[in-house]
2 protein chains.
Amino acid sequence: MSKFIVSPKKGVPFVSVEAMAALIHEHGVEQTITELTLALEKDFARWEAFEKISRIASHSKDGAIELMPITDGDMYACKYVNGHPINTKRDLQTVAAFGVLSDVDTGYPILLTEMCILTALRTAATSALVAKHCARQDAETLALIGNGAQSEFQALGMKAVVGISKVRLYDVDPAASKKVVENLADSGLDITICNSAEEAVEGADIITTCTADKKNATILRDDMIKKGMYLNAIGGDCPGKTELDANILRRADHVIVEFEPQTRIEGDIQQLEPDFSVTEFHHVVKGNKAIRSTADNVVVFDGVGFASEDFTALVYLRNLIEEKQRYDVLDVITQQKDPKNLFSVVKGARQDSAVEAFDVLANA
Amino acid sequence: MSKFIVSPKKGVPFVSVEAMAALIHEHGVEQTITELTLALEKDFARWEAFEKISRIASHSKDGAIELMPITDGDMYACKYVNGHPINTKRDLQTVAAFGVLSDVDTGYPILLTEMCILTALRTAATSALVAKHCARQDAETLALIGNGAQSEFQALGMKAVVGISKVRLYDVDPAASKKVVENLADSGLDITICNSAEEAVEGADIITTCTADKKNATILRDDMIKKGMYLNAIGGDCPGKTELDANILRRADHVIVEFEPQTRIEGDIQQLEPDFSVTEFHHVVKGNKAIRSTADNVVVFDGVGFASEDFTALVYLRNLIEEKQRYDVLDVITQQKDPKNLFSVVKGARQDSAVEAFDVLANA
């Protein structure tokens with residue numbers, strides 16, 4: 001049994017968007033990302049404990065729907081996530097996600113949650129963690145190219161965990177950059193809006209590319225990359241969706257990936273030969289591989305997002321809501337007295353209850 | 001866009017256990033299974049429209065957690081389902097399931113629902129549909145071996161769709177059989193509890209095996225099977241879990257499966273050579289293959305449950321709740337005004353709202 005003590009008979013703990021927003025607002029975005037970074041580091045250090053598969057994607061004309069299952073033998077996590085860059089033109093999210101955490105021993109869900117916000121947090125935490133290990137220790141300026149839904153989380157993560165103090169923004173949509181400036185007005189970060197990607201990367205120690213178009217783009221050209229730069233390239237994350245000039249990858253001293261089989265399919269390295277040398281990040285965490293031998297090294301993190309990061313985030317959230325005793329309980333698994341008597345649930349149902357306001361949620 | 005008109009901005013329609021029980025109680029189990037059978041028949045007839053993969057299973061000591069994704073290019077469905085036979089000893093369900101139906105065009109969920117009850121209904125409907133096509137037309141007696149959570153649904157499906165009027169029950173747990181008798185007291189079925197599987201199959205036209213042990217069992221021996229019998233073998237559904245004497249499969253005139261690649265791994269035919277001849281059911285629905293050339297044929301349905309059946313059930317349910325205007329709406333996808341401004345959801349959250357009773361559900 002997992003360590004969580006809520007009886008599966010009592011329903012499934014549930015975190016709605018509103019509950020997540022309030023929880024993170026109170027706990028603090030930087031605090032949450034910092035704690036997540038520590039949790040991620042611990043889970044990357046026990047990489048072998050996880051049963052790992054590439055995510056299962058169903059591609060359509062304008063997007064993809066993906067499942068990201070993983071287990072450590074004690075708990076099982078799965079995220080449902082789409083990626084539809086076209087959605088912003090419809091006033092919808094590019095990414096709409098929810099997730100489940102389950103107890104392997106019983107197979108019962110022990111958490112259902114929104115994962116739009118949680119994914120932004122875990123992606124920012126992963127970016128910050130990899131940067132902490134692979135960027136220059138004295139990094140202080142972040143170029144943030146692509147100022148969509150993830151950007152504020154990315155900037156705050158790099159501030160809290162890596163210590164950057166300046167942010168240079170660029171987006172093809174100026175309103176997106178303006179939104180970041182407004183959202184981060186009280187963050188203590190020194191923020192500049194730039195007119196081009198070239199201008200944004202001037203003097204940057206860390207460059208985050210976080211664009212959403214489903215195409216092979218060249219957000220960064222090779223000539224824009226200077227000695228010692230660290231690239232956090234997280235927008236190229238599905239087949240046919242890349243952000244970097246292939247020459248950047250070729251001349252980088254190290255290309256860091258999460259789970260190599262998945263990144264070969266989805267990452268910027270899909271542009272390169274299948275045996276192009278990369279380093280899985282868990283080796284870096286475990287100290288098996290020195291990445292920054294000199295301050296001049298160019299290092300690229302070809303981040304696509306891996307299921308283990310969602311696992312870490314779901315376990316972290318499950319702990320957080322238990323610690324704060326703040327969650328609802330969702331009536332989504334039958335709980336009749338005799339498990340073999342499923343029929344009794346239907347037979348004994350009140351005929352009128354489907355039209356009432358259901359008591360499907362009860363505060364813990 | 002799918003035909004469902006609820007705006008994704010309004011949240012995700014949700015069917016709780018209580019709502020499902022009330023809905024099915026009112027609509028009627030036999031009526032629901034009958035309608036589901038028609039929907040299944042239509043979807044099996046357009047088999048080629050589906051992007052099909054075997055379910056993705058994560059096995060552990062006492063069970064499995066599985067994902068069953070599928071799409072027809074218009075909608076996408078995925079069921080989360082476990083199978084832990086040991087759970088009944090812990091007063092928990094063997095199977096706890098929930099599912100999602102999504103719009104492929106936007107990637108947004110358009111239904112989240114309990115699937116413990118829905119799975120029992122779709123499994124009964126699938127069994128009834130295959131039997132309608134493959135059992136003798138004059139079948140009137142059903143032997144039901146294994147009287148757990150699925151049994152009442154199975155019996156009512158065979159009554160409503162195939163026209164059986166007599167049921168002979170057997171289970172190693174006599175209380176389970178007694179429960180079926182009590183639950184079906186008003187069903188109009190003539191029900192007998194038997195002392196052995198041998199006794200139960202005497203005079204049966206259709207034999208349903210629906211046992212749960214995760215092992216290679218022999219619920220039916222070859223000598224128990226007479227001319228003209230139809231076997232609905234649905235309990236053997238994962239690697240190392242079978243119910244039939246292999247000789248029954250060898251001497252059957254036809255062995256029907258749902259999706260051959262998955263059944264090779266999970267079905268009773270896992271006991272046989274990989275090229276053992278089977279017939280995918282969609283061929284039968286489409287009239288490509290005559291199954292019952294004489295009344296003496298022995299036909300086996302090696303049913304394991306396939307994702308397309310859940311797809312059908314989810315679309316059926318989505319239609320039903322829309323028609324009856326009976327569902328809740330779950331706050332699980334962020335809905336802020338500017339899709340790129342995800343940060344605003346956290347920034348603007350009310351600090352105290354996480355401790356209140358959330359308004360995560362609103363009746364439609």
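Guide: The questions below go from the single chain to the contact between chains, and the model is a predicted one.

Visitor: What makes the size of chain A agree with a compact globule?

Guide: The rule is 2.2 Å times the number of residues to the power 0.38. For 364 residues that gives a radius of gyration near 21 Å, and chain A has 21 Å, so the value agrees with the rule. The C-alpha atoms of chain A fill a box of roughly 70 × 40 × 40 Å along the principal axes. The secondary structure of chain A consists of 11 helices and 17 strands.

Visitor: Why are the two copies said to be related as by a two-fold rotation axis?

Guide: Chain A is laid on chain B by a turn of 180° with a shift of 0.0 Å along the axis, and the RMSD is 0.0 Å. The two copies are therefore related as by a two-fold rotation axis. The same surface serves both copies, since 100% of the contact residues of chain A recur in chain B.

Visitor: How much area do chain A and chain B bury between them, and how many residues does each give to the contact?

Guide: The buried area is about 8,400 Å², with 65% of it on carbon and sulfur atoms. Chain A gives 95 residues and chain B gives 95 residues. K340(A), F343(A) and V346(A) supply 9% of the area that chain A buries against chain B, more than any other three residues.

Visitor: Why is the pair D173(B) and K340(A) called a salt bridge?

Guide: The rule asks for a Lys or Arg side-chain nitrogen within 4 Å of a carboxyl oxygen of Asp or Glu. The closest N and O atoms of D173(B) and K340(A) are 2.9 Å apart, so the pair meets the cut-off of 4 Å. Across the interface of chain A and chain B there are 4 salt bridges. Polar contacts between the two chains come to 43 residue pairs. Helix α1 (residues 17-27) of chain A gives the most to the side of chain A that touches chain B, with 9 residues. By class, that side has 49 nonpolar, 22 polar and 24 charged residues.

Methods. Residues are numbered from 1 along each chain as its sequence is written. Chains are lettered from A and ligands numbered from 1 in the order in which they are written. This is a predicted model: local features need pLDDT of at least 70, side-chain atom pairs count only at pLDDT 80 or more; totals for chains, interfaces and linings use all residues. Side-chain values use heavy atoms; hydrogens and water are left out. Contact means heavy atoms within 4.5 Å. Buried area is the accessible area (1.4 Å probe) that two parts lose on being put together, summed over both. A polar contact is a pair of N or O atoms within 3.5 Å; within protein, one must be able to donate a hydrogen and the other to accept it, and residues adjacent in sequence count only if both atoms are side-chain atoms. Helices (H or I, at least four residues) and strands (E, at least two) are DSSP runs, numbered from the N terminus. Ala, Val, Leu, Ile, Met, Phe, Trp, Tyr, Cys and Pro count as nonpolar, Asp, Glu, Lys and Arg as charged, and the others, Gly among them, as polar. Copies are superposed by least squares on the C-alpha atoms of residues with pLDDT of at least 70 in both.
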